[in-house]
Amino acid sequence: MMRKMNKLLFLLFLLCSFFVVDVRAEDEITYNVVKVKETILMIPGDERMISVTAPGYSTYESSNPKIVAVSNIGKLVAKKGGTAKITRIEGNVKTIYTVKVKQEVDLIVFAGQSNMCGSGGNAAQAPKPKAGTAYEFDITTDSYRTILMKEPFGEGTNRKNGLESTGIYSTKGTLVSAFCINYYKQTKTPVVGVSCAWGGSSTNTWLNRGLVTKTQKSVKVAKKYLKKQKVKVRHIYMVWYQGESDAMQWVSEKTYISRMKKIYKKMKTVGVERVFVIRIGHDMTSPEKDYTIMKAQEKLCSSNKNFILVSKKAAKYRNSYPRYYSDTIHLNQKALNQVGYEAGKAAGKYVKKLKKK
């Protein structure tokens, strides 16, 4: 009996020894650790693939899934503000990513007519904002969610809801990406942009053909989505690039200013605080007729605190025509980029000063 007991104990000892050795062997795996220097920026609701990996080849782990969750195929889902580390293990390589989720954004409506639509632009020549610094609230595919900003910004909006169906007013590449790049440099706050520009639209059509109502609706839907994602909207602004149609109709300075005040009053009801105005350029078929609207925009911005003039650059291209034009009235992408950079920097500086007060 004692002999059998001893034999069993010996076998049990051997079995335990086997498992101890096995665990130690696992612990002794040496990983090559790679720390990715660039921080991944996201906002709640943002989804991003951290890498392209077939299922089973890598394993992923988040240091805080309540901030950023990660799937077994490397898909990141931002949940709330904060910082988390994502670890990816593939073979003996351990890659560590830092993900920062920003809870606060500025909601900006990009409104106006064809030059804001980017009818003369070229998306391939537009700059690309760093991922996580600028988003588009996607209303063009009825998905109603934020997507990383890319050109052409608002593609489909103008063709789907525009006043004109001709190709001249289609969205090809806009100034919005350039604007957001410089705006973020100043404010360090991500932008969620809403595309609300319609080719051929005058201030009269904005007030009397339902464009203000459509824009109000888009802002409300964007605010509702962001609230659901627990994203805090810090400021709501509108960037306005419009007036060429009014110039063609010989609208007076007084009338243009009056209509713009009415548009602002309506947009204020959905939270718009200020309107950043991009002064129009010249229609090269008859450049002189644009001066009335230019003067109206300058007077409006100098006399009313709700309107901020952020760019005069468009008019300067008259002396370089046709280098900066795609036709007689639409700026090309090179010009749109320059206008966007100037306007974004000026708007960002204005907002930055507000924070200091």
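**Figure legends: close-up views of a predicted model**

**View 1. Exposed Arg323 in a loop.** Arg323 counts as exposed because its relative accessibility is 52% (exposed means over 50% relative accessible area, buried under 20%, and partly exposed in between, with a 1.4 Å probe and protein chains only). Arg323 lies in the loop that runs between strand E15 (307-311) and helix H10 (333-356); helices (H or I, at least four residues) and strands (E, at least two) are DSSP runs numbered from the N terminus. Apart from neighbours within four places in sequence, Arg323 contacts Asn332 and Lys334, contact meaning heavy atoms within 4.5 Å. The C-alpha atoms of Arg323 and Ala335, twelve residues apart in sequence, are 8.9 Å apart in space.

The model is predicted: local features need pLDDT of at least 70 and side-chain atom pairs count only at pLDDT 80 or more, whereas totals for chains, interfaces and linings use all residues. Residues are numbered from 1 along each chain as its sequence is written, and side-chain values use heavy atoms, with hydrogens and water left out.

**View 2. Residues joining helices H8 and H9.** Glu253, Tyr256, Ile257, Met260 and Lys261 of H8 meet residues of H9 that include Thr292, Ile293, Ala296 and Leu300.

**View 3. The protein chain as context.** The secondary structure of the protein chain consists of ten helices and 15 strands. Of its 357 residues, 51% are buried.
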